[in-house]
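Here are my notes on the side chains in this model. Please read them with the structure open.

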Amino acid sequence: MQIHTIDKAQLINEVQLGNQLNRAVEQGRRSDFALMLAMLSPDYLETTPTEKPLPPATTEEQLRSYFELQDPPPLSTSEFCYPRGAEQSRAFHYGGLSATRLLSSLQPIAMTFPPQDTKGLPEELYHNLSGHERRRLPPTQPEPIKGSPQDLYLNLIRAKRSAEMYGAVAKVC
């Protein structure tokens, strides 16, 4: 009977003690302090969190919409970057640096302009190749796989049957 009452008297966290733990420390009652600490549950799964959970993190898109900011400039080129770059250079020649800054703020261009039509090679290396070597380079776009669902189904059946045959041969040996 005493075991069950001791189990029920076990404290989950120090909030249940109130100010008694603090008073025991202030008044120098070591035995009461030790008793109260011994009554606390050693199981960390029983403790309840006393801190408020952190609010969910805000994403960059949420912050941009809250502060009404435009999209960030693209890192690499797109189809709009080359005409916008030409517009910015024209604005620099006719309107000066302030016109260029205004235009780049309204219509940002890419941070980098990687070379185009060099098949993934650096521009200096690609232009040093001869015409014959350029033709031997692999195409930039991989060719689509030529096949149909029916061909795939037949190939799967053949593969299954050959695996069954080789499995049967391996069991015999």
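1. Start with Thr 100, which lies in helix α6. Helices here are DSSP runs of H or I with at least four residues, strands are runs of E with at least two, and both are numbered from the N terminus. Thr 100 is buried, at 16% relative accessibility. Buried means under 20% relative accessible area, exposed over 50%, and partly exposed in between, with a 1.4 Å probe and protein chains only. Leaving aside neighbours within four places in sequence, Thr 100 contacts Gln 88, Ala 91 and Phe 92. Contact means heavy atoms within 4.5 Å.

2. A word on the basis. This is a predicted model: local features need pLDDT of at least 70, side-chain atom pairs count only at pLDDT 80 or more, and totals for chains, interfaces and linings use all residues. Residues are numbered from 1 along each chain as its sequence is written, and side-chain values use heavy atoms, with hydrogens and water left out.

3. Next, Thr 118. Its place is the loop between α6 (97–106) and α7 (123–128). Thr 118 is buried, with a relative accessible area of 4%. Beyond its neighbours within four places in sequence, Thr 118 touches Glu 123 and Tyr 126.

4. Tyr 126 also meets a charge. The charged end of Arg 134 sits over the Tyr 126 ring, 5.0 Å from its centre. The cut-offs are NZ of Lys or CZ of Arg within 6 Å of the ring centre and within 35 degrees of the ring normal.

5. Tyr 66 is exposed, at 64% relative accessibility. Phe 67 is exposed too, with a relative accessible area of 53%.
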